[in-house]
Amino acid sequence: MSRDKKLASASSLALRTSTEETSSQRILMTPEQVSTLLHCHKQTLWKWLRTIPNFPRPVRVSPQRIAFWEHEVRDYITSLERVEYDPKVGRGARSGQRSVA
């Protein structure tokens with residue numbers, strides 16, 4: 001399955017809560033959908049939950065199921081530091097840093 005199809009599938013499968021908020025509905029995402037959105041393995045998601053203090057915390061939906069609030073995941077993504085690609089180095093460098101040639 002292509003990346004675009006996975007992302008479309010992840011967003012279309014998001015669970016919607018039955019309670020309506022002020023102007024928009026709050027959306028819950030499964031761990032699988034979050035890992036697809038972040039382009040990581042599901043096990044990496046659990047590692048980030050243990051090691052990254054500001055990573056979004058899941059909520060318990062039922063005794064056997066957890067989910068993430070979509071707005072918290074998206075806020076986390078937008079809070080990440082941007083990197084600049086340096087073709088000489090071949091990987092991203094943090095904003096403001098210069099690579100040594």
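Across the protein the mean pLDDT is 78, and 64% of the residues reach 70 or more. This is a predicted model, in which local features need pLDDT of at least 70 and side-chain atom pairs count only at pLDDT 80 or more, while totals for chains, interfaces and linings use all residues. Residues are numbered from 1 along each chain as its sequence is written, and side-chain values use heavy atoms, with hydrogens and water left out.

The protein has four helices and six strands. Helices (H or I, at least four residues) and strands (E, at least two) are DSSP runs, numbered from the N terminus. Read from the N terminus on, the order of the elements is α-β-β-α-α-β-β-α-β-β. Of the contacts with a separation of 6 or more, 30% are between residues 24 or more positions apart. The protein exposes about 7,900 Å², and carbon and sulfur atoms supply 50% of that area; accessible areas come from the Shrake-Rupley method with a 1.4 Å probe, and for residues only the protein chains shown count as cover. Of the 101 residues, 25% are buried. Buried means under 20% relative accessible area, exposed means over 50%, and partly exposed lies in between (1.4 Å probe, protein chains only).

Helix α2 covers residues 31-37 and includes P31. P31 counts as buried because its relative accessibility is 7%. Not counting residues up to four places away in sequence, P31 touches K42, L45, W46, I66 and F68. The C-alpha atoms of P31 and A67 are 6.2 Å apart in space, although 36 residues separate the two in sequence.

V34 belongs to helix α2 as well. Its relative accessible area is 0%, so V34 is buried. Beyond four places in sequence, V34 touches M29, L45, F68 and V73. V34 and F68 are 34 residues apart along the chain, and their C-alpha atoms are separated by 7.7 Å. In the loop between α2 and α3 lies H39. H39 has a phi near 55°, a positive value in a residue other than glycine.

Which residues of helix α4 are buried? In this helix, residues 70-79, they are E70, V73 and Y76. They lie on the same side of α4, because they cover an arc of only 130° around the axis; the arc is that of the directions from the helix axis to the C-beta atoms. These buried residues pack against β2 (25-29), α2 and β4 (65-69).

E70 counts as buried because its relative accessibility is 18%. Leaving aside neighbours within four places in sequence, E70 is in contact with I27 and M29. Apart from neighbours within four places in sequence, I77 is in contact with L37 and L38. Between I77 and F55, 22 residues apart in sequence, the C-alpha distance is 9.4 Å.

The aromatic rings come next. A pair of aromatic rings is described by the distance of the centres and the angle of the planes. Rings of Phe, Tyr and Trp (its six-membered ring) pair if their centres lie within 6.5 Å; planes under 30 degrees apart count as stacked, over 60 as edge-to-face and the rest as tilted. The structure holds two aromatic pairs. F55 and Y76 form an edge-to-face pair, with 5.0 Å from centre to centre and 70° between the planes. This pair links distant parts of the chain, 21 residues apart: F55 is in the loop between α3 (42-51) and β3 (59-62), and Y76 is in helix α4. F55 counts as buried because its relative accessibility is 3%, and Y76 counts as buried at 10%. Ring pairs link W48, F55 and Y76 into a cluster.

What sits over the ring of W69? The charged end of R26 does, 4.8 Å from the ring centre. A charge sits over a ring if NZ of Lys or CZ of Arg is within 6 Å of the ring centre and within 35 degrees of the ring normal.

Conventions
Contact = heavy atoms within 4.5 Å. pLDDT = per-residue confidence, 0-100.
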